[in-house]
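Colleague: Happy to go through this one with you. Shall we take it a piece at a time?

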Protein chains: 2
Amino acid sequence: MQARLIMSKKKKKAVVLLSGGLDSATTLYIAKNKGFEPYGLIFDYGQKHLKEIVQAKRIAKVAQCSFKVVKVSFPWKGSSLLDKKIKIPKKRSLERIKKEIPSTYVPSRNIIFLSFASSFAESIGAIAIFIGANAVDYSGYPDCRPEFIVSFQEILDKGTKSGVCKKRIKIYAPLISKTKAQIIKIGLKLKVPYRLTWSCYQGGQKPCGVCDSCLLRQKGFDAIKFKDPSLK
Amino acid sequence: MQARLIMSKKKKKAVVLLSGGLDSATTLYIAKNKGFEPYGLIFDYGQKHLKEIVQAKRIAKVAQCSFKVVKVSFPWKGSSLLDKKIKIPKKRSLERIKKEIPSTYVPSRNIIFLSFASSFAESIGAIAIFIGANAVDYSGYPDCRPEFIVSFQEILDKGTKSGVCKKRIKIYAPLISKTKAQIIKIGLKLKVPYRLTWSCYQGGQKPCGVCDSCLLRQKGFDAIKFKDPSLK
């Protein structure tokens, strides 16, 4: 028992961005599988789909991952995820989803999230940040692409005390080049509790099935012929 | 009168980070002087020296600059500017101030501030962000150095809808290579209301005169033999 405790103390810390969705849950389990001690970071930023916060906390608990919730206000308009007056797009074709940046884009959201992750990582001495960004089956958000992740690594190296003092914080985006089907396959092997994950952009009790996020999720489960456990 | 209104409508928008201090106030007046319509962004992040927020608002009003206040929580420890249990350093020599990153460093603060500035800029269609970062008479913060600013430009270019859609947002850090004396000289020409600026890290009614920020400010006014108007 004592040996296990000592082992546990030696684990390297990693901050993991948790949204309650399928990708971030998988990313959390990948971080654990790589031997990191994960510290979840969940954002309450006024999103319509508040349920994802509840689910993110549940996933963290099942994964025995401590977490912090950061409240962030966006006191300006500009996204259908935040603004009740703007409708969330429905039934877009998968081709169109890939081509256009939709109204669900929240200006600079991942930049803000990674900035807080950087602050949290510096404060607890973590050497890694995990983000479930994906640039294959995604909604065309610029802050989910590999070149953005590379740029943010520069920020961590040049703009933080950790970076300057040679205690580099490394960003991991293990899903960035994977299809949704590949992500689910990895997650099933790692026993990710997909029944708890929430992807839908709408604020309903059940997933709407027609927003971009629901459609991309369904595409993934369909491709591997596996029933989405959250729909049971 | 109508001609002036039309002119005013044509002005390009710029987000200006406002702290209430001498550097950011000067930066605001530089932005105005360059012909931008400034949009101030002020942060309430739990700092001990809350007075700077009051002063930032006053400066914005005098400069006829609209502004937003963003409340940001840092639910972790790590800085004497936030944590009441950690004392703010006093009477450090100017040589020492330049050499060490002090306990007043707030992990990743400017990364977070610029991230919100990016979001705000995207949302209002601004083409510029002004930050009063300075890497000469400063406290050694890594997120005040030119290489950090260059990295953040990459983030704006690669990780935002504006950057991807060729509506580039450019960061201006006009004070980055100037001494405090040079900054004050520029500000006096532009009629910056220095009487309203607040630099002290302590939460007192009057500037303490011994924190790094007070010392650097005093050095600037001494160098040009000008009495600090805020001390009258």
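**Helices, sheet and symmetry**

Modeller: Gladly! In chain B, helix H3 (residues 51–62) lies across strand E1 (13–18), strand E2 (37–44) and E3. Bear in mind that the model is predicted.

Colleague: At what angle does H3(B) run to E2(B)?

Modeller: H3(B) lies across E2(B) as well as E1 and E3 of chain B. Its angle to E2(B) is about 170°.

Colleague: Which are the edge strands of the open sheet in chain B?

Modeller: The sheet has 5 strands with parallel pairing, in the order E3-E2-E1-E4-E5. An edge strand pairs on one side only, and in chain B that holds for strand E3 (66–71) and strand E5 (170–172).

Colleague: And which residue of E5(B) is the bridge partner of Ile129(B)?

Modeller: Strand E4 (residues 128–130) of chain B is joined to E5(B) by 3 bridges, and the two run parallel. Within E5(B), the partner of Ile129(B) is Ile171(B).

Colleague: Lastly, what relation do chains A and B have?

Modeller: Chain B superposes on chain A by a rotation of 180° with 0.0 Å of shift along the axis, at RMSD 0.0 Å. That is therefore the relation of a two-fold axis.

Notes
Residues numbered from 1 in each chain as written. Chains lettered and ligands numbered in written order. Predicted model: local features only at pLDDT ≥ 70, side-chain atom pairs only at ≥ 80, totals over all residues. Least-squares fit on C-alpha atoms with pLDDT ≥ 70 in both. Pairing = 2+ DSSP bridges. Helix = DSSP H or I, 4+ residues; strand = E, 2+ residues; numbered from the N terminus. Contact = placed C-beta atoms within 7 Å. Axes fitted to C-alpha atoms, helices over the stretch in contact; angles between N-to-C directions.
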